[in-house]
Amino acid sequence: MKTSFRLMDLIKGSLESINKIYINHGVRVAFLMDLLTRQEGIKKVLRRKLIFASLFHDIGAYRTNEEKNLVRPIAIKTYPHCLEGYLFLKYFSPLENYADFILYHHSFYDETRSKEFAYRNGERIHAVDRLDVLVLCGESEEQIKKFFKKQKGKMFHPEDVDAIIKIIDDFNVITKLKTYTIDQFANFYLNLLVTSDKKLLFKYLKMLDFTFEYYSLSTLFHSTSTATIACSLAKLDRYKKKEKFKVVCAGMIHDIGKTTTPLAILEKPTKLTDDEMKIMKQHVVHTKEICEGIVDDDILTIAYRHHERIDGSGYP
Ligand SMILES: [Fe+2]
Ligand SMILES: [Fe+2]
Ligand SMILES: [Fe+2]
């Protein structure tokens with residue numbers, strides 16, 4: 001059986017359990033980007049890049065915590081999260097070629113007026129980002145259209161404003177943004193990246209592990225070192241390539257459920273009480289919940305059962 005992962009789903013699941021706000025906004029912006037790029041007749045390869053970049057455009061906010069700044073109608077011009085997001089994508093993900101788009105996703109058209117590829121695509125993300133934020137702020141369709149028309153050639157590229165007005169009129173976008181569940185948006189494109197390419201898969205799993213850093217640095221260190229040691233043990237046991245691969249993948253994701261464990265328990269420097277231990281043990285259940293249906297069953301089983309002992313004791 002081929003090993004394949006629905007990678008975007010997996011990373012979304014991890015970020016969602018750390019904080020739903022930024023990634024759910026990313027999912028909605030990716031949905032809008034899909035429509036905007038179709039409207040502008042953008043070619044498939046770039047469309048795909050823009051959709052992925054949109055999904056993670058506010059990933060830097062996991063560190064900078066700019067909740068208040070992000071959901072307000074008028075964007076301020078630079079946000080620390082643009083730089084943080086750029087650095088994350090460039091150095092901790094396989095999406096390094098889209099990092100520039102994220103860096104410029106709050107740039108104003110009339111200040112840059114740059115024809116540079118990265119700026120132009122940052123502008124596209126900015127336009128759909130504002131559309132979602134305005135809806136989240138409760139603005140009416142009329143107010144939103146008025147805002148975009150007023151900002152045509154100022155905050156936004158004129159082409160993007162035309163495309164935004166068109167998708168509002170033709171696709172009933174405002175109603176969809178107000179009524180769809182997050183899963184309805186996500187279902188449009190989260191399957192875009194189902195891969196069995198092992199090199200790519202490892203790169204995304206590393207990205208996944210780096211998202212742990214937004215919650216708990218020790219979980220990042222623990223997951224990567226567990227995967228490395230598991231790989232060495234599998235080598236010593238002369239596992240076949242395929243089996244070794246599964247062990248390493250499981251090592252990388254085994255504690256993903258810890259993103260739902262309260263930090264006071266996860267990083268408590270002293271011994272856990274019985275009640276705290278009960279909560280701690282739930283992380284394997286959450287690992288299963290996040291990964292089920294997204295990774296292969298063998299990998300899921302290894303990850304889920306990583307606290308079981310050889311005599312059958314341990315948990316779950
Ligand atoms: Fe942003
Ligand atoms: Fe945003
Ligand atoms: Fe664990």
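Which residues have the most contacts inside the largest nonpolar core? They are Met 33, Leu 36 and Ile 253, in a core of 79 residues. The structure described here is a predicted model.

## Overall form

The protein contains 20 helices and two strands. Its radius of gyration is 21 Å, close to the 20 Å that the globule rule gives for 316 residues, so the protein is as compact as a globular protein of that length. Taken along the principal axes, the box filled by the C-alpha atoms is roughly 70 × 40 × 30 Å.

Of the 316 residues, 41% count as buried. Among the contacts with a separation of 6 or more, 67% are made by residues 24 or more positions apart.

In soluble globular proteins, nonpolar side chains tend to be buried together. In this model, the largest nonpolar core has 79 residues. Helix H2, which covers residues 20–39, gives the most to this core, with ten residues. Domain 1 (11–192) and domain 2 (215–304) both give residues to this core, so the core lies between them.

Met 33 is one of the residues with the most contacts inside the core. Leaving out residues up to four places away in sequence, Met 33 touches Leu 50, Ile 51, Ser 54, Arg 124, Ile 125 and Val 128.

## Two domains

The protein is divided into domain 1, residues 11–192, and domain 2, residues 215–304. The centres of the two domains, taken over C-alpha atoms, are separated by 32 Å. Four residues from domain 1 and five residues from domain 2 take part in the contact. On the side of domain 1 that touches domain 2, one residue is nonpolar, three are polar and none is charged.

## Helix H9

Helix H9 runs over residues 117–136. At 1.5 Å a residue, its 20 residues should span 28 Å, and its end C-alpha atoms are 29 Å apart, which agrees. The helix is mostly covered, since 14 of its 20 residues are buried. Just after H9 comes Gly 138, with a positive phi of about 85°.

Where does His 57 lie? Its place is the loop between helix H3 (44–55) and helix H4 (61–64). His 57 has 30 other C-beta atoms within 10 Å; a residue counts as buried at 20 or more, and His 57 is therefore buried.

His 57 and His 105 are 48 residues apart in sequence, while their C-alpha atoms are 7.5 Å apart in space. His 105 is among the residues that His 57 touches.

## Backbone exceptions

Most residues other than glycine have a negative phi, and most peptide bonds are trans. Asn 172 has a positive phi of about 55° although it is not a glycine. This residue lies in the loop between helix H11 (158–171) and helix H12 (173–179). With 12 other C-beta atoms within 10 Å, Asn 172 is exposed. Arg 238 is likewise a residue other than glycine with a positive phi, here near 55°. Its loop is the one between helix H15 (217–236) and helix H16 (241–253). Arg 238 is exposed, having 8 other C-beta atoms within 10 Å.

A cis peptide bond joins Tyr 315 and Pro 316, with omega about 5°. Pro 316 is found in the segment after helix H20 (297–304).

## Tyr 239 in the loop between H15 and H16

Tyr 239 is also placed in the loop between H15 and H16. How many other C-beta atoms lie within 10 Å of Tyr 239? There are 15, and Tyr 239 is partly exposed.

Apart from its neighbours within four places in sequence, Tyr 239 is in contact with Ala 234, Lys 244 and Val 247. Tyr 239 and Lys 281 are 42 residues apart along the chain, and their C-alpha atoms are separated by 29 Å.

Terms used: Residues are numbered from 1 along each chain as its sequence is written. Chains are lettered from A and ligands numbered from 1 in the order in which they are written. This is a predicted model: local features need pLDDT of at least 70, side-chain atom pairs count only at pLDDT 80 or more; totals for chains, interfaces and linings use all residues. Helices (H or I, at least four residues) and strands (E, at least two) are DSSP runs, numbered from the N terminus. The radius of gyration is taken over C-alpha atoms; the globule rule is 2.2 Å times the number of residues to the power 0.38. Two residues are in contact if their C-beta atoms, placed from the backbone, lie within 7 Å. A nonpolar core is a set of buried Ala, Val, Leu, Ile, Met, Phe, Trp, Tyr and Cys residues joined through C-beta atoms within 7 Å. Domain bounds come from an automatic or database domain assignment. Ala, Val, Leu, Ile, Met, Phe, Trp, Tyr, Cys and Pro count as nonpolar, Asp, Glu, Lys and Arg as charged, and the others, Gly among them, as polar. The expected span of a helix is 1.5 Å times one less than its number of residues.
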